[in-house]
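Keep the 3D view open as you read.

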Amino acid sequence: MAASAGGALPLRTRARAKVNLDLRVLGRRPDGYHELESLVAFAGIGDELALDPGPSLSLTIAGPRAAGLEADDRNLVLRAARAFGQAFPGTHAGAFHLTKRLPVASGIGGGSADAAAALRLLARLNGIALSDPTLREVAAGVGADVPVCLESRARLMAGIGDRLGPALRLPSLFAVLVNPGVPVETVGVFRALGLAAGDRLLAAGGGLPALPTSAAELRAVLARSGNDLAVPAQRIAPEIGEVLERLAALPGSRLVRMSGSGATCFALFDDCVASAAAAKALARQRPEWWVRATLLR
Ligand SMILES: C[C@@](CO)(OP(=O)(O)O)[C@H](O)COP(=O)(O)OP(=O)(O)OC[C@H]1O[C@@H](n2ccc(N)nc2=O)[C@H](O)[C@@H]1O
Ligand SMILES: Nc1ncnc2c1ncn2[C@@H]1O[C@H](COP(=O)(O)OP(=O)(O)O)[C@@H](O)[C@H]1O
């Protein structure tokens, strides 16, 4: 991108993929939203967002996953930017350019990460701290997953995504992320769970017993949990079953799970040699799937 009209270089940030390492649904609130508990980590891969400061707000989109994603008012980048402008009157915005690399509607929060990235860039441009309570409210108003994506640090997430634990220094996990190319809408998966408003299922678990110090220890903790949205998601997208089976069958695959409301699933490996080899093997088996080896932390 060229320098802005004023000569300043555009601001840039990475919108990292969010991965729900586990996810429990505790119940459904009277307003219809579901109470969750989830240990969230972030991948090394993501979309990229640039902001060229200027007088008017706009968005352009390019990149390998841009097809079908409109740069209109429904786009989460513009929704976040407009909400920011309303909450912080008189602040500056400009021209956003999104490089879309993450599959859309895939349970790894690409849209939420883009919205959070827009808020980070606007906060940087206007000298607003990421810890600003109004900024956090704006994030929560754009989407349930946007607050956790603001800092994109691993942490426990509770409530509907609005209650965040402290940032966690998790041992790095060598992962392969896989999406079979079937978009899955979050709202449909929650609906398929079949809970009535006001239903209470479980008491809060309280999170991690102690912070694991090795990847093997973290995997052992994760093995005791799961993703409560996996069964309803598979009813909507049966392809998820094949993704989980193929991931589990890869040499060195230690733990296999779906992220968020799907359809992206991940497998964890001991090291980057094993995860890279597994990603290569799976991409050969299913060349039409989105397959990426990455670090989660
Ligand atoms: C399931 C999760 C887990 O991290 O991730 P994704 O699969 O979307 O990545 C999130 O809770 C998704 O967050 P996000 O995608 O931002 O959700 P929103 O746009 O706010 O909500 C979409 C719809 O999902 C339902 N919803 C969402 C969150 C929640 N805790 N309870 C719900 O019932 C609501 O019906 C809502 O209208
Ligand atoms: N910048 C964006 N990137 C991805 N999806 C977006 C974006 N803006 C709006 N959306 C819409 O948001 C919804 C959720 O997208 P996404 O965050 O990718 O999935 P998920 O919530 O499953 O993790 C999709 O239906 C998509 O059309």
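This is a predicted model: local features need pLDDT of at least 70, side-chain atom pairs count only at pLDDT 80 or more; totals for chains, interfaces and linings use all residues.

Let's begin with H1 and H2: the crossing in which H1 passes H2 is right-handed.

Which residues make the contact? From H1 you have Leu-76, Val-77, Arg-79, Ala-80, Ala-81 and Phe-84. H2 answers with Gly-111, Ser-112, Asp-114, Ala-115, Ala-118, Leu-119 and Leu-122. Sorted by class, the contact of H1 with H2 has nine nonpolar residues, plus two polar and two charged ones.

## Around ligand 2

Those helices turn up again at ligand 2. It's surrounded by 19 residues, and the closest are Leu-76, Ala-105, Gly-110, Gly-111 and Asp-114. The elements that give two or more residues to this shell are helix H1 (76-87) and helix H2 (110-126). H2 provides the largest share, at four residues.

What sort of residues make up the shell around ligand 2? They split into ten polar, six nonpolar and three charged. As for where the ligand sits, both domain 1 (11-164) and domain 2 (173-296) give residues to the shell around ligand 2, so it lies between them.

## The annotated stretch

An unreviewed UniProt entry carries the annotation "domain: GHMP kinase N-terminal" over residues 75-150. In the model, the chain over residues 75-150 is 58% helix and 9% strand. The C-alpha atoms at the ends of that stretch are 17 Å apart.

Now zoom out. The chain is divided into domain 1 (11-164) and domain 2 (173-296). Taken over C-alpha atoms, their centres are separated by 21 Å. The contact between the domains takes 29 residues from domain 1 and 38 residues from domain 2.

On the side of domain 1 that touches domain 2, strand S1 (11-28), strand S2 (34-54) and strand S5 (155-159) each supply at least two residues. Which of them gives the most? That's S1, with eleven residues. By class, this side of domain 1 has 17 nonpolar residues, eight polar and four charged.

Notes: Residues are numbered from 1 along each chain as its sequence is written. Chains are lettered from A and ligands numbered from 1 in the order in which they are written. A residue is near a molecule or strand if its C-beta atom, placed from the backbone, lies within 6 Å of it. Ala, Val, Leu, Ile, Met, Phe, Trp, Tyr, Cys and Pro count as nonpolar, Asp, Glu, Lys and Arg as charged, and the others, Gly among them, as polar. Domain bounds come from an automatic or database domain assignment. UniProt positions are given in the numbering used here, feature names are shortened, and annotations may be inferred rather than shown by experiment. Two residues are in contact if their C-beta atoms, placed from the backbone, lie within 7 Å. A crossing is left-handed if the near helix is turned anticlockwise from the far one by less than a right angle, and right-handed if clockwise.
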